[in-house]
Amino acid sequence: MPYRAPVGEFQYIFDHVVDLGKVAQTPLFAEVTRDVTDAILSEAGRLSEEVIAPVQRNGDLDPAVLENGVLRSSRGFAGAYAQIAQGGWVGMAAGPEHGGMGLPMTVATAVNDMMGAACLSLQLNPLLTQGQIEALEHHACPGMKALYLPKLISGEWNGTMNLTEPQAGSDVGAVAAKAVPNDDGTYAVTGQKIFISWGDCDFTSNTCHLVLARLPDAAPGTRGISLFMVPKLIPDAQGNPGVANSLKVVSLEHKLGLHGSPTAVMQFDGATGWLVGEPHKGMAAMFTMMNNARLGVGVQGIGAAEGAYQHALAYALERRQGKTPVAEGTGCIVDHADVRRMLTTMKAEIFAARTLALSCALAIDLARATDDADCLARAAFLTPIAKAYGTDTGIDVASMGMQVHGGMGFIEESGAAQYLRDVRVTAIYEGTNGIQAMDLVGRKMMDGGEAAFRLMDEVEASAEAARGTLPDLAIAVWAAAETLREATEWLATQQMNDRFAGAVPFLRGFARVLGAHFHLKAALAEGGSGPRTALATFFIRRLLPEHVALLAHAREGAAGLYALSPEDLVA
């Protein structure tokens with residue numbers, strides 16, 4: 001089915017739920033007026049609908065392959081990417097000094113949402129480049145910025161991140177790749193990296209790898225890791241792609257989904273690289289790219305959810321099966337109560353995850369524009385929630401989309417299964433969702449929970465403001481925030497492993513409360529009556545109550561998890 005970009009949805013959210021006007025009031029983003037934003041959203045929506053969405057099935061049915069060491073991308077990807085690059089969308093949030101649009105992350109997040117819904121496999125390519133651009137803007141020397149940023153921003157070159165090795169997955173400190181200084185200021189990088197998304201590309205003229213490796217005098221663990229720029233083709237004196245570097249794609253992984261996005265095993269054999277940032281400070285530079293990617297991956301989950309929802313809704317509006325209870329209904333399965341439950345759940349979850357991600361992006365923009373410490377803390381706190389909840393929503397909604405299709409959802413020709421296969425990895429890469437939750441209750445609560453409490457204060461103040469118009473919903477949201485506050489206060493006093501034991505349900509419970517908060521704001525802006533109020537009522541009455549069980553789980557600590565020994569688990 002054709003994809004319809006939810007441009008109007010983003011406009012409503014920016015006007016009434018996540019106040020984009022706050023960003024436009026800063027000197028840094030003063031030119032991002034409502035007219036500019038509307039034009040950007042409309043053009044990005046058109047591109048997603050007319051250019052990117054048509055290659056979605058090609059990525060699954062005609063996957064990327066490696067033929068005699070040469071990558072061949074999915075049919076239609078090159079043409080679609082060319083239009084993404086020509087429109088300036090790769091560098092939309094990059095600085096204007098190197099050719100970027102300089103757009104707020106909030107607007108870029110909305111664009112990535114639409115492009116990810118249209119074709120997740122293809123959108124992953126510019127998403128990685130965007131992360132590399134941000135890392136270089138913050139950590140590269142002026143010469144490296146001048147050489148690489150214009151080509152990356154224009155989309156002429158694409159960027160990757162190379163962290164994982166066979167023995168070093170989530171434990172990045174176990175990285176064994178080596179970098180030995182050459183006489184000319186470059187480094188010889190040697191090692192193997194796995195799970196490298198878009199490790200090669202046949203529709204850009206160069207692929208630029210950011211690689212984590214160790215210098216000869218490196219300390220063990222993450223403290224001894226440095227970051228290097230290792231291009232596929234070494235730029236010549238004019239900055240054009242020159243001789244081939246000493247690296248290659250060994251193989252492409254055979255994956256559950258995302259077949260159009262080649263996931264490479266990369267081999268570096270004394271490849272020429274350039275140090276990015278300071279020696280032994282590679283993790284700080286790479287975390288800039290990873291934090292960018294974590295929000296981006298969360299938004300990929302939301303985009304996939306949108307695509308799956310639209311696909312399922314179109315089927316439900318056409319499929320006739322059994323007698324429906326709605327006398328004046330369509331006669332199609334959309335009128336069955338359980339199908340309506342699934343579709344409404346999908347729509348409500350998408351709105352909650354989308355507004356949460358946009359709220360995180362807004363905090364990033366305000367922190368960048370004002371240097372406000374509270375905005376910076378808010379952005380840091382929301383990032384793991386946005387990543388985990390966004391990708392969990394993508395998986396849950398895609399699974400429900402298959403269920404709406406019934407038996408046809410299990411048949412590949414319907415296209416419903418592709419959304420679930422494609423989105424499933426988003427809960428794993430850029431830090432598994434368990435790691436995101438551990439980050440939330442660990443590093444992000446080293447302040448004793450202050451950033452969390454400020455969010456709860458905001459939720460309660462908004463609920464108070466809604467009491468006159470929507471008293472029942474407002475009371476429910478306020479009470480949920482209080483339950484969350486009590487759980488957070490308890491968690492902040494516990495040993496770290498007790499926090500970790502309940503981290504995932506805590507994150508999910510936090511997301512439930514924030515989702516209810518954003519739904520309530522949308523309903524209030526509507527005047528307390530209409531489809532947004534109906535959707536908010538559904539979320540608050542039917543989905544928000546889950547927070548009670550989730551937060552009870554979060555407060556159980558770690559002891560019960562070890563009550564069964566490994567032998568007991570086997571038995």
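The crossing of helices α3 and α5 is right-handed, a term used when the near helix is turned clockwise from the far one by less than a right angle. The structure is a predicted model, in which local features need pLDDT of at least 70 and side-chain atom pairs count only at pLDDT 80 or more, while totals for chains, interfaces and linings use all residues. Residues are numbered from 1 along each chain as its sequence is written, and side-chain values use heavy atoms, with hydrogens and water left out.

**Helix packing**

Two packed helices are described by the angle between their axes and the distance between the axes. Axes are lines fitted to C-alpha atoms, for helices over the stretch in contact, and angles run from 0 to 180 degrees between N-to-C directions. Helices (H or I, at least four residues) and strands (E, at least two) are DSSP runs, numbered from the N terminus.

| Helix pair | Angle | Axis distance |
|---|---|---|
| α3 (residues 34–52) and α5 (residues 77–86) | about 165° | 10 Å |
| α11 (residues 373–405) and α17 (residues 503–526) | about 90° | 10 Å |

Helices α3 and α5 are therefore roughly antiparallel, whereas α11 is roughly perpendicular to α17. Angles under 35 degrees count as roughly parallel, over 145 as roughly antiparallel, 65 to 115 as roughly perpendicular and the rest as oblique.

Contact means heavy atoms within 4.5 Å. In α3, Leu47, Val51 and Ile52 meet Ala80, Gln83 and Ile84 of α5. The residues of this contact comprise five nonpolar, one polar and no charged. Here Ala, Val, Leu, Ile, Met, Phe, Trp, Tyr, Cys and Pro count as nonpolar, Asp, Glu, Lys and Arg as charged, and the others, Gly among them, as polar. The contact of α11 with α17 has ten nonpolar, no polar and four charged residues.

**Aromatic pairs**

Rings of Phe, Tyr and Trp (its six-membered ring) pair if their centres lie within 6.5 Å; planes under 30 degrees apart count as stacked, over 60 as edge-to-face and the rest as tilted. By this rule there are seven aromatic pairs. Tyrosine 81 and phenylalanine 203 form a tilted pair, with 4.8 Å from centre to centre and 35° between the planes. This pair links distant parts of the chain, for tyrosine 81 is in helix α5 and phenylalanine 203 is in the loop between β5 (187–197) and β6 (206–214), 122 residues apart. Tyrosine 81 counts as buried because its relative accessibility is 2%, and phenylalanine 203 is buried at 15%. Buried means under 20% relative accessible area, exposed over 50%, and partly exposed in between (1.4 Å probe, protein chains only). Phe77, Tyr81, Trp198 and Phe203 form one aromatic cluster.
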